[in-house]
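Dear colleague,

Please find below the structure for your attention. My notes on it follow.

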Amino acid sequence: MSLQRFAMLASAAIMSAAFGTASAADGPIRIGVSIAQSPPGSVVQGTQVKQGAEIMMNLINDAGGVMGRKIELIYEDDQGIPEKGRAAAEKLITRDDVVAVTGGHQSSVCLAAIEVAHAYKMPYVNTNCWSDDIREKGYNEIFNPGNYNTRVSSAMAETIAALGVKSVVAFAENTDYGIGQAKVLGKFLKEMAPDTSYKYEALDRAGKDFTPAVLPLRGNPPEMVVNVMLPPAAYILMNQLYEQGVAPSAKTWFYDGAGIADYPDFWDNVKEAGQYMLAFGLYHPAMPMPDSGRQVGQIYQDKYGNEPNRLIFQAADSILLIAKAIEAAGGTDPAALIKAMDDMTFESIRGTFKFSQEPGYTFKQWVDIPFATYQMTEVNQPLSKTLLIQATGQELQTDKLLRPAN
Amino acid sequence: MLALDLFVNGLIIGLFYALMAVGLTMVFGILKVVNFAHGEFYMVGAYTYTLVSLKLGIPPWVALPLAALAGAGIGWLTERLLMRPLYAGYSSWGLMKDEYAVVVTFGLSLLLINLFDKVIGPYPMRGPSLSSVTRMSVGPFMMSGQKIITAIIAVILLIALALFIKRSLWGRWVQAVAQNRFGASIAGIDTARASSIIFMASGVLAAIAGALLAPVINAAPDVGIFPAVKSYVIVVIGGMGSVPGSILAALLLGVLESFGAVYLSYDYRDTYGLVLLILILLFRPQGLFGERTREV
């Protein structure tokens, strides 16, 4: 090879490397979002996660981006199926060059996807997977700014104990989330309401007829029925409980522990079956919230015409957390991002917190995540008009609750 | 009391299953084609009923026949565009390219599910009820007005179908084609039209089932999978091609699932039908009402 030819090749290689670096440094920062965009996953949840994430992406980009670079969200449809969630995470990390993965909203999928994130040592921000098992794995890469089963179950057990309910039957979907939450609720009831009898029944989340599970309750109804199922199965169950006169009724409370009350299609699907339902929620317009959260809620309402719900805020916070970690780390190196998230006090749009490092279900979790308990007192009632009986830092007021006449 | 509750609930569910399964068994019995898109005929009916009522403000009682019309339309189109090329020019089923029908109908099923998912959206939609009575006591039983109306319409439709096949001219054509397509054509029967009629009837039954159940099982792109799977089981248990067999098997399956879910385990609810299916295949492979045949 002549000296001239060698020099040309060397210059070309150097220029290519230089342009390549410049292009990667100036291009958008890619964040992977794995959500259910088609059945059998909860498409309602997936859509809301997408909407919340996009609102935050636009806010960040309109303000100049992160370190001068725009944020770009790369979506993958996991269909709510664990193996697809695993494949989605793999593709996002290895082919799409994302700096972090987020969006997870169904526990079984998250449990599969975090294995990939853990193997590649990539930051994974869990948007809405409630299963405690995700935290108990103790993976260094997994951060949980969303809700968790123990939080729901302890809050519900507190309400059940305050109501003096003596018998509870829970219907739980046959998933990691459903069974996990039903078991934890039983554990807390043993502690907080030892005289209360409790049992749960696992139902198929793809089921269409739950009447045989409901009928045995007709003869001897419990004082409370708890829902630990997601739509559409939850809606079918509610309608069949109502049709059989089991719950809500004068004798039996109906308590939702799956956070379905603020879904945009809730009233379209349940009508009278939703009236008098007691609900655990992670957002209520009357809850205390930072101005940044109110701003996101307003943008959502203006754009989509519905009241916002928890998933909008949680998804927006997932993107904000990654953006702030990039700024704190001064780059997108995965190890630096993980350290930044560990060290930071995160001013989220739902409140300020630091991730716990306590092992168990609290590992890398926002332990004191705000929640609310409220009751739907009218059919087609918007969230803002529901009866708030408890919010974080406020006393539980069960005496305000209403019951149907029959 | 619980046993009686379960029995009645099982019979009602069985009637829903029967509406679906009868259409499937007719297509198989007469055309020797397993229609894998049958569940999507159900889905088309559920969506037509729900969307026409909710979006256009048309009363549910008017939306119901429109759903039936949509079912007839998709049945006719399927037969005319996708099935007819498979048997056009063949006088004998033995020569027909029936293996293609499996691929074609399976493809149609995927096409319809994805088409509705993209065009209408993946959200479940609850259809309006035909009755404003959300729950009522009927003797010792509790049920919604919708369920009672659905059960009555299902019984009427099944009886009407039996009379149509037995008494009407078109029904006799269908019977003739089912017995011997070549012989029927020699006798001057328009076999192509008979095939169209059967596909349309199958579409109507599935679509009405979808519409009637839309207030109970919300319409969604994949809503047809559940009744279709049940229908395949029912058709084999009842005897492939046997309408009375399908009705009896549907009622049997409804009651079996209802009791099994309570007295055995809810978790295995869907397996009870499969266990019955295996037993039937072992001890009476032609099904309850099927005829044992041998081809040479």
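Which residue in strand 13 of chain A does Leu278(A) stand opposite? The residue is Gln375(A).

This is a predicted model, in which local features need pLDDT of at least 70 and side-chain atom pairs count only at pLDDT 80 or more, while totals for chains, interfaces and linings use all residues. Residues are numbered from 1 along each chain as its sequence is written, and chains are lettered from A and ligands numbered from 1 in the order in which they are written.

Strand 10 (278-281) and strand 13 (372-375) of chain A pair in the antiparallel sense over four bridges (pairing requires at least two DSSP bridges; strands are DSSP runs of E of at least two residues, helices runs of H or I of at least four, numbered from the N terminus). Both belong to an open, mixed sheet of seven strands, ordered 7-6-8-9-10-13-14. Strands 7 (197-203) and 14 (387-391) of chain A each have a single partner strand, so one side of each lacks a neighbour in the sheet.

In chain A, helix 12 (310-329) packs against helix 13 (334-343) at about 105°, with axes 8 Å apart (axes are fitted to C-alpha atoms, for helices over the stretch in contact; angles run from 0 to 180 degrees between N-to-C directions). The two helices of chain A are therefore roughly perpendicular (65 to 115 degrees). Their contact includes Leu321(A) of helix 12 and Met341(A) of helix 13 (C-beta atoms, placed from the backbone, within 7 Å).

Between the chains, 27 residues of chain B meet 29 of chain A. Helix 1 of chain B gives the largest share of its side, five residues.

Kind regards

Note on methods
Angles under 35 degrees count as roughly parallel, over 145 as roughly antiparallel, 65 to 115 as roughly perpendicular and the rest as oblique. Two residues are in contact if their C-beta atoms, placed from the backbone, lie within 7 Å.
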